[in-house]
Protein chains: 2
Amino acid sequence: MTQVVGKNQERISRRQVDKFAERRAQLATSALRTLSELGYARTSLREIAQNSEFSHGVLHYYFRDKVELITYCVRQYKAECVTRYDRIVVTAGSAEELRDGFGAAMAGTLREDATMHRLWYDLRNQSLFEESFRADVLEIDQSLEQMIWRIVSHHAELAGSPVAVPPAAAYALFDGLFQQALLRFLNGDDTAPANLQTSVKQLLQRFLTHS
Amino acid sequence: MTQVVGKNQERISRRQVDKFAERRAQLATSALRTLSELGYARTSLREIAQNSEFSHGVLHYYFRDKVELITYCVRQYKAECVTRYDRIVVTAGSAEELRDGFGAAMAGTLREDATMHRLWYDLRNQSLFEESFRADVLEIDQSLEQMIWRIVSHHAELAGSPVAVPPAAAYALFDGLFQQALLRFLNGDDTAPANLQTSVKQLLQRFLTHS
DNA sequence: AAGAATTCTTGACAGTCGTCAAGACTTTCT
DNA sequence: AGAAAGTCTTGACGACTGTCAAGAATTCTT
């Protein structure tokens, strides 16, 4: 990519950059699909390429490293995450409505995106062993905590009652419920989403300070 | 190992079996140490052997597979687990005493056994991708749930109040708190154990039905 | 102390991994 | 159309993996 100056060159270069970014995103999507099926430990670059429409060499044209590829994947996953949970922050008129909406959304994403969620937990755990993804993982974790907190505090507002739990604990508790439900669901327990739904609603209610 | 019958032979054979089992346990301990430092994805048999006082070939003398080795490790880890949490079920005279003891024990094992805990979460996640360890992992998970439930119900008994949460949810919630604290602790947050301690105490108290 | 059984080491094997370079193919520009 | 830049494929490399077999070293038995 020559960096010659000039109006035409710039327009062209930008278009090429867009194409470049598009292909990166496309390859990352293939990589995420592979990772979510095999897990981090058993995913190789050749396998990723085979799950795409390209050969294995192209990965090193668009990504310097395996680390850079997976880091890019993690960041792309985060974008998905945010949209998913922003979909959850429904426009709820009452506290009960919000509880229902949130519980249903949790159960829904458990059912539909189970393999992606197990990948998220896999990568989060990898970050405990290797430095590489740690920063990005922590960033995602914090944004998840914030999304949970938005729901919890909004719920308390609707209920006209202060929250009795700090943001970090609230996130940890919901995450615990979700992770256990995921474990059960991926083990063939089809009642897991429904159970999660009721657990989530109860927990949300319990976060309110009882007068 | 010849299986000749006779009193002497039997005594000898048993002794040999014991030695065999002892060495298996010894190798599994080395393996667990390596796994807890590198994680499942980056642990090789040669690395395990190098962290022991034997050469890499010996692993196939005592274990058929890599899978059999790691399965054995998981089971040995479970034994450690049980003793650890049984140590936690302190003889507490009051509900408050139990809360303090449990909170301190959680904070303590977070500080001391952090790498082992991250290994546990790693292996539990692996079981979501490959069938091999799934049965053993689920067994451990259930026994952890039971240990948590023993504490929760004992605490309610001491407080003279029924429990407001089913066993599975209680375990999931404590596990969520612990996992987040582990994440923070391994990222250098030295306040994580203390924070976990107070969170745990508050959660335990909140499990009681408010009259 | 000699022979047998067990235990451990060494070296090799087939396969896979991440990485890279040479070149073919495609698109774009002048 | 010809040149240039960009894109992709192919094949190779060294390193590493799990596994295994042959034999040395050790321990045990008689």
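Author: **Where the two chains meet**

Happy to. A:Arg42 and B:Glu130 form a salt bridge between their side chains, at 3.4 Å from N to O; the term stands for a side-chain nitrogen of Lys or Arg within 4 Å of a carboxyl oxygen of Asp or Glu. Please keep in mind that this is a predicted model, in which local features need pLDDT of at least 70 and side-chain atom pairs count only at pLDDT 80 or more, while totals for chains, interfaces and linings use all residues. Residues are numbered from 1 along each chain as its sequence is written, chains are lettered from A and ligands numbered from 1 in the order in which they are written, and side-chain values use heavy atoms, with hydrogens and water left out.

Between chain B and chain A there are 4 salt bridges. The two chains also share 9 residue pairs in polar contact, both residues at pLDDT 80 or more (a pair of N or O atoms within 3.5 Å; within protein, one must be able to donate a hydrogen and the other to accept it, and residues adjacent in sequence count only if both atoms are side-chain atoms). The elements of chain B that give two or more residues to the side touching chain A are helix H1 (7–38), helix H6 (114–126), helix H7 (134–159), helix H8 (167–186) and helix H9 (192–206). Helices here are DSSP runs (H or I, at least four residues), numbered from the N terminus. H8(B) gives the largest share of that side, 13 residues. Sorted by class, the side of chain B that touches chain A holds 21 nonpolar, 8 polar and 11 charged residues; Ala, Val, Leu, Ile, Met, Phe, Trp, Tyr, Cys and Pro count as nonpolar, Asp, Glu, Lys and Arg as charged, and the others, Gly among them, as polar.

Now for the extent of the interface. In all, 40 residues of chain B are in contact with 41 residues of chain A, where contact means heavy atoms within 4.5 Å. The chains bury about 3,500 Å² between them, 58% of it on carbon and sulfur atoms (the accessible area, with a 1.4 Å probe, that two parts lose on being put together, summed over both). B:Leu128, B:Phe129 and B:Arg206 supply 21% of the area that chain B buries against chain A, more than any other three residues.

How are the two copies related? Chain B superposes on chain A by a rotation of 180 degrees with 0.0 Å of shift along its axis, at an RMSD of 0.0 Å. That is the relation of a two-fold axis. The superposition is by least squares on the C-alpha atoms of residues with pLDDT of at least 70 in both copies. B:Gly176 is the residue of chain B that comes closest to the rotation axis, its C-alpha lying at 1.9 Å. Both copies use the same surface: 100% of the contact residues of chain B recur in chain A.

Back to the charged pairs. The side chains of B:Arg184 and A:Glu145 meet in another salt bridge, at 3.4 Å from N to O. B:Arg184 lies in helix H8 of chain B and A:Glu145 in helix H7 (residues 134–159) of chain A, so this pair joins two chains. B:Arg184 is partly exposed, with a relative accessible area of 32%, whereas A:Glu145 is buried at 16%. Buried means under 20% relative accessible area, exposed over 50%, and partly exposed in between (1.4 Å probe, protein chains only).

Over all chains the count comes to 22 salt bridges. Within chain A, A:Asp175 pairs with A:Arg124, the closest N and O atoms being 3.0 Å apart. This pair links distant parts of the chain, with A:Asp175 in helix H8 (residues 167–186) and A:Arg124 in helix H6 (residues 114–126) of chain A, 51 residues apart. Both A:Asp175 and A:Arg124 are buried. A:Lys201 forms a salt bridge with A:Asp100, at 3.2 Å between the closest N and O atoms. A:Lys201 lies in helix H9 (residues 192–206) of chain A and A:Asp100 in helix H5 (residues 95–112) of chain A, so the pair ties together parts 101 residues apart in sequence. A:Lys201 is partly exposed at 26% relative accessible area, and A:Asp100 is partly exposed at 34%.

One last stop is B:Ser36, in helix H1 of chain B. B:Ser36 is buried, with a relative accessible area of 4%. Not counting residues up to four places away in sequence, B:Ser36 touches A:Phe129, B:Thr115, B:Met116, B:Arg118 and B:Leu119.
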